Amino acid sequence: MATSKIRVVDIHTHMYPPSYIKILESRSAIPLVRTFPQAADPRLILLEAEVKSLEEATQDATAKLPGRPLTSHFASLAQKVHFMDTHGIDISVISLANPWLDFLSASESGKMAESVNEEFSRMCSEHPGRLFFFATLPLTAPLETLLAAVSHVQGLKYCRGIILGTSGLDKGLDDPALLPIFEAVAAAHLTVFLHPHYGLPNEVWGPRASAEYGHVLPLALGFPMETTIAVTRMYLAGVFDKVRDLRMILAHSGGTFPFLAGRIESCVLHDGQLVREGKVGKGRRTVWEVLKEQIYLDAVIYSEVGLKAAIDATGADRLMFGTDHPFFPPLETDEQGEWESVSLNAAAVTKAVGEGSGEASAIMGGNAISILRLDQD
Ligand code: 5CU
């Protein structure tokens, strides 16, 4: 019997189109792109945790370079396709990387969202069937502009959802003012891809972090905690009940949300205020129910231990493979070859559910194809 090759889909893969890089090059506060005489590639400086090293490198040419090298992997479509071919990825659902349009003024963000989303749409049309995208919303713009942006991207052929940070309209994702946006996104059958950027306050990392610990604390811990907090706030505010058709993919296998779901649930059950206010009574949907009904997770967790927790919490039919390209390139081998960060995520899938299993095939691509309708033009 002929065995059909599994189709591999990468749902967590970013780009900064050239027009966006131009904006970053013109900026003097993060996010920004800056060249340093001692480095061949410009540096991309994104995170609050990188501000101190940016200041040091600006004053001292011997100081360590801030941020990460801005290589062609960040902006070149040809490079994205080369990366896909190198790693056997059939389809990618590309998205603008953090911090999206969060730093633009109310008057700038609407136009920029339109042009970035058109640019993603055009890139996808150059590789029909291989590329789809999550669009970007102009969250600093007035509600009317935001709703118009949802309608605009709903009409773009290759758009399958929205990439969303955790700041919302500046008050987080439990802000009631955001409900019309969630409702519009859900009504448009667009899936939200929730992605962190802001992490935790720098003080949490202590005085040694910037000089000694590289990016490990903000990326390994800050990002996942940010996602966990954002989605827990949404749960506590009843957003998932108010917008029952809302579907959300949580980046990095949900941060720590699947692992902590039992504890969140228990804290709800034992909270005197919530009980007194009647929020814990009959009809309440548990964290576990919301996880299985409205939440999907990517499989970007680099180990079968975290991946098994994610699968236990949501089911293997709700997990989707991702790479986080162009972040986490190999440091000691050729960037044009295979990336260890990708093999770690692929190996986690086979170790968690078994090589060649139906579940592996679903996580590597089948789930994304059906959830994000990637078989349809
Ligand atoms: O390395 C990093 O800073 C990042 C980032 O900013 N965004 C992301 O998606 N992954 C890694």
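The second largest pocket holds about 290 Å³ of space, a volume being the space filled by probe spheres set on grid points that are joined across faces, edges and corners. A pocket is defined on a 1 Å grid over the protein atoms alone, as an open set of points where a 1.4 Å probe fits, with protein on both sides within 12 Å along at least five of seven lines; its lining residues have an atom within 4 Å of a point. This is a predicted model, in which local features need pLDDT of at least 70 and side-chain atom pairs count only at pLDDT 80 or more, while totals for chains, interfaces and linings use all residues. Residues are numbered from 1 along each chain as its sequence is written, and side-chain values use heavy atoms, with hydrogens and water left out.

The lining of the second largest pocket has 19 residues, and Ala49, Glu50, Ala209, Ser210 and Gly214 lie nearest its centre. Helix H2 (51-59) and helix H7 (209-212) each supply at least two residues of this lining; helices (H or I, at least four residues) and strands (E, at least two) are DSSP runs, numbered from the N terminus. With three residues, H2 gives the most. The lining divides into eight nonpolar, seven polar and four charged residues. In this division Ala, Val, Leu, Ile, Met, Phe, Trp, Tyr, Cys and Pro count as nonpolar, Asp, Glu, Lys and Arg as charged, and the others, Gly among them, as polar.

The largest pocket has about 1100 Å³ of space. Its lining is made up of 38 residues, with His215, Leu219, Phe327, Phe328 and Pro329 nearest the centre. Strand E4 (68-69), helix H8 (216-236) and helix H14 (340-353) each supply at least two residues of the lining, and H8 gives the most, with six residues. By class, the lining of the largest pocket has 21 nonpolar, 11 polar and six charged residues.

The ligand takes up the space of the largest pocket; a molecule sits in a pocket if more than half of its atoms lie within 2 Å of the pocket's grid points. Around the ligand are His14, Leu46, Leu47, Arg68, Asn98, His195, Leu219, Phe223, Asp324, Phe327 and Phe328, each with a heavy atom within 4 Å of it. This shell has six nonpolar, three polar and two charged residues.

Side chains of the shell also make polar contacts, which are pairs of N or O atoms within 3.5 Å. A polar side-chain atom of Arg68 lies 2.7 Å from an oxygen atom of the ligand. For His195 such a distance to a ligand oxygen atom is 3.0 Å, and for His14 it is 3.4 Å. Taken alone the ligand exposes 280 Å², and the protein buries 96% of that, with areas taken from the Shrake-Rupley method with a 1.4 Å probe.

The backbone has some points to note. Asn98, one of the residues around the ligand, is joined to Pro99 by a cis peptide bond, with omega near 5°. Pro99 lies in the loop between strand E5 (91-96) and helix H4 (106-125). Trp100 is found in the loop between E5 and H4, and its phi is near 50°, a positive value in a residue other than glycine. The peptide bond from Ile30 to Pro31 is cis, with omega near -5°; Pro31 belongs to the loop between helix H1 (18-25) and strand E2 (32-34).

Key. A polar contact is a pair of N or O atoms within 3.5 Å; within protein, one must be able to donate a hydrogen and the other to accept it, and residues adjacent in sequence count only if both atoms are side-chain atoms.
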